[in-house]
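Student: Could we go through this structure together, one question at a time? I would like to see how each answer is reached.

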Amino acid sequence: MPFSRLGLSPYVLPALARALRQAGYGAPTPIQQQAVPVLLQGRDVVALAPTGSGKTAAYVLPALQRFAMATARRPRELRQLVLVPTRELALQVADVFATLGRELPRQPRVVCAVGGVSINPQMMALRGGADVVVATPGRLLDLLAHNALSLRQVQLLVLDEADRLLELGFGDEVRRILAGLPAQRQTALFSATFPDQIEALAAAGLRAPARLQVDAQAPAQIEQRALRVDGERRVELLLSLLRDPRLRQVLVFVASIREGDRLAGALRGQGIAAQALHGDLSQGRRVRTLQAFKEGQLQVLVATDVAARGIDIAGLPVVVNHALPRSPADYLHRIGRTGRAGSPGLAVSLVEAAALAHWRLICRRHGLRLEPEVVPGFEPTGAVPAAAPAGDGNGGIKGRRPSRKDRLRAAAARTPAG
Ligand code: AMP
């Protein structure tokens, strides 16, 4: 289905189509196919859309049409509010507004209101008026307390990565913001998972929402592997993996800020261009580090879950879970950083004996059958996994494992034709 069939108005379609082409978006992704028409009709939406599904454009396109079709106002009034859990995601959302809106005769003024940086420039930016504000909840409340903006005219509210918005302890802040919004508005809630609080929140804020869902499974183009390792040899195994040319750029997840700093330091000690990305760094430093990684100056970015939230790196080939994520939902978020919009990706999880039960829980939750492989030279000395290690005998990450296609081919070769 082409973008022209999503119900966009003929007044805005040519400009949006040009911008989509320039951005390299060939055809709408499944969530865009589902959400754009419903949002254009003005309905509320609750969408279960995993990261990397193209969910941002799914609400930005209708938002741009809504903006373009409204009569120009002087001064500008805030009509659209996007709430996000992290600064990085806020910047990316603003970027999608700019990218897809660039061909419109009049572009919306989008202001990012995020914490971790001085509030004054944001207050200045808002003084000139904004059409769209993309905000983290705490900073938005600060700005409201300073009378830097008003929510009275908001017509469209988007809660992006709503599960995270609530998980990170923003629940009360989000509720306070919701209470200050006009009841007459359109609300769209995007989330990778649907924990109970989201259901409760959805019930509170939305009117007969359309419930949309795209496959929450990991995208098929992401190859997933798990490797057994003794805890104290994880860094060594990671170093050996990094010698594989496929791992020219790797996002490595760790469990804590300290572990992130330590691991990045250890990698640098081995001559690998690595930096840590976590919540203890200044916003400026985070932006610079992310930029260096995007530009390929860093081979390895070592990140905590919160910092990595929303990171969108086109063509990132590999994600490594140096430590397993605490929640199975985070596993999908993490590996979804690779394999974006259909490109191939590899996700490798290092599993030590103590984490085996947790790994199996993650697998069960996502319907995966991934018994950790034993890498030659890294045979675990600790407890042997209860279930027999799978793997194909030829071993480690560098050995070529038969792909699904290979196995199908082999099966076909065994079956006499006709
Ligand atoms: P998102 O899930 O919104 O974070 O988007 C994931 C990635 O997919 C981003 O890099 C987008 O630029 C890209 N993307 C979104 N929609 C499309 C599309 N229709 N075609 C190709 N790429 C897309």
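Student: Which residues is aspartate 44 in contact with, leaving aside its neighbours within four places in sequence?
Tutor: Happy to start there, and please keep in mind that this is a predicted model, where local features need pLDDT of at least 70, side-chain atom pairs count only at pLDDT 80 or more, and totals for chains, interfaces and linings use all residues. Residues are numbered from 1 along each chain as its sequence is written, and side-chain values use heavy atoms, with hydrogens and water left out. Contact means heavy atoms within 4.5 Å. With neighbours within four places in sequence set aside, the partners of aspartate 44 are Arg185, Gln186, Thr187, Gly205, Leu206, Arg207, Ala208, Pro209 and Ala210.

Student: Where is aspartate 44, and is aspartate 44 buried or exposed?
Tutor: Aspartate 44 sits in the loop between H2 and strand E1 (45-48); helices (H or I, at least four residues) and strands (E, at least two) are DSSP runs, numbered from the N terminus. Buried means under 20% relative accessible area, exposed over 50%, and partly exposed in between, with a 1.4 Å probe and protein chains only. Aspartate 44 has a relative accessible area of 2%, so the word for it is buried.

Student: How far apart in space are aspartate 44 and glutamine 186, C-alpha to C-alpha?
Tutor: Along the sequence, aspartate 44 and glutamine 186 are 142 residues apart. In space, their C-alpha to C-alpha distance is 5.5 Å.

Student: Which residues does threonine 187 touch, not counting residues up to four places away in sequence?
Tutor: Threonine 187 belongs to strand E6 (residues 186-191). Its relative accessibility is 2%, so threonine 187 counts as buried. Not counting residues up to four places away in sequence, threonine 187 touches Asp44, Val45, Leu157, Gly205 and Leu206.

Student: How do helix H2 and helix H3 cross?
Tutor: Two packed helices are described by the angle between their axes and the distance between the axes. Axes are lines fitted to C-alpha atoms, for helices over the stretch in contact, and angles run from 0 to 180 degrees between N-to-C directions. The axes of H2 (residues 30-40) and H3 (residues 55-69) come within 8 Å and cross at roughly 25°. Angles under 35 degrees count as roughly parallel, over 145 as roughly antiparallel, 65 to 115 as roughly perpendicular and the rest as oblique, so H2 and H3 are roughly parallel.

Student: Which residues make the contact between H2 and H3?
Tutor: H2 supplies Ile31, Gln32, Ala35, Val36, Leu39 and Leu40. From H3 come Lys55, Ala57, Ala58, Tyr59, Leu61, Pro62 and Gln65.

Student: What separation do the C-alpha atoms of alanine 226 and proline 372 have?
Tutor: Alanine 226 is in strand E8 (residues 222-228), and it counts as buried because its relative accessibility is 0%. Its contacts, not counting residues up to four places away in sequence, are Ser349, Val351, Trp359, Glu371, Pro372 and Glu373. Alanine 226 and proline 372 are 146 residues apart along the chain, and their C-alpha atoms are separated by 4.5 Å.

Student: What share of the residues in the chain is buried?
Tutor: The chain has 15 helices and 14 strands. Out of its 418 residues, the buried share is 53%.
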